[in-house]
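Subject: Structure handover

Hello,

Please find the structure below, with the sequence beside it.

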Amino acid sequence: MESEFEKTVDTEEAAAALNRKPQTLRKWACLEEGPIRPIRIYGRLHWKISDIQSLLNGSALDSAI
């Protein structure tokens, strides 16, 4: 069974994968306005790899970007 840590990446890695600045992803999380939502693990933002892949494939969870 995979843990949550294996299915997520931190903000810096997610930002690099999405070609965005880490602060953009932090803003998405803070204002809840981004196309994907993070989860918090020990108080830190982590982004689901499956959500990132969906966004890169053009099927974002929300319509905002």
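Helices (H or I, at least four residues) and strands (E, at least two) are DSSP runs, numbered from the N terminus. Read that way, the elements of the protein follow the order β-α-α-β-β-α from the N terminus on, which comes to 3 helices and 3 strands.

Two remarks on the source. This is a predicted model, in which local features need pLDDT of at least 70 and side-chain atom pairs count only at pLDDT 80 or more, while totals for chains, interfaces and linings use all residues. Residues are numbered from 1 along each chain as its sequence is written, and side-chain values use heavy atoms, with hydrogens and water left out.

Overall figures

The protein has 65 residues, of which 29% count as buried. Buried here means under 20% relative accessible area, exposed means over 50%, and partly exposed is in between (1.4 Å probe, protein chains only). Contact means heavy atoms within 4.5 Å. Among contacts between residues at least 6 apart in sequence, 52% join residues at least 24 apart.

The sheet

Strands of a sheet pair through backbone hydrogen bonds, either parallel or antiparallel. Two strands are taken as paired if DSSP finds at least two bridges between them. In this model 3 strands form an open sheet in the order 1-3-2, with antiparallel pairing. Strand 1 (8–10) and strand 2 (39–41) are the edge strands, each pairing on one side only. On average, neighbouring strands of this sheet are turned by 50° against each other, direction ignored. For that angle and those below, axes are lines fitted to C-alpha atoms, for helices over the stretch in contact, and angles run from 0 to 180 degrees between N-to-C directions.

Strand 1 and strand 3 run antiparallel and are joined by 3 bridges. Strand 2 and strand 3 also pair in the antiparallel sense, over 3 bridges. Strand 2 and strand 3 form a hairpin with 2 residues between them, and Y42 in the turn has a positive phi of about 55°.

V9

V9 is in strand 1, and its bridge partner in strand 3 is W47. Its relative accessibility is 16%, so V9 counts as buried. Leaving out residues up to four places away in sequence, V9 touches A14, L45, H46, W47, I49 and I52. The C-alpha atoms of V9 and L45 are separated by 8.7 Å, with the two residues 36 apart along the chain.

The helices

Two packed helices are described by the angle between their axes and the distance between the axes. The axes of helix 1 (residues 11–18) and helix 3 come within 10 Å and cross at roughly 15°. Helix 1 and helix 3 are therefore roughly parallel to each other; angles under 35 degrees count as roughly parallel, over 145 as roughly antiparallel, 65 to 115 as roughly perpendicular and the rest as oblique. The contact is made by A14, A17 and L18 of helix 1 and I52, L55 and L56 of helix 3. Helix 3 (residues 49–56) also lies across strand 1 and strand 3, and runs at about 55° to strand 3.

The aromatic pair

Rings of Phe, Tyr and Trp (its six-membered ring) pair if their centres lie within 6.5 Å; planes under 30 degrees apart count as stacked, over 60 as edge-to-face and the rest as tilted. By this rule the count comes to 1 aromatic pair. W28 and W47 form it edge-to-face, at 6.5 Å centre to centre and with 75° between the planes. The pair links distant parts of the chain: W28 lies in helix 2 (residues 22–31) and W47 in strand 3 (residues 44–48), 19 residues apart. Both W28 and W47 are buried.

Positive phi in the loops

Most residues other than glycine have a negative phi, and most peptide bonds are trans. N19, which is not a glycine, has a positive phi near 60°. N19 is found in the loop between helix 1 and helix 2 and, at 65% relative accessibility, counts as exposed. E32 is not a glycine either, and its phi is positive at about 50°. E32 sits in the loop between helix 2 and strand 2, and its 56% relative accessibility makes E32 exposed.

Regards
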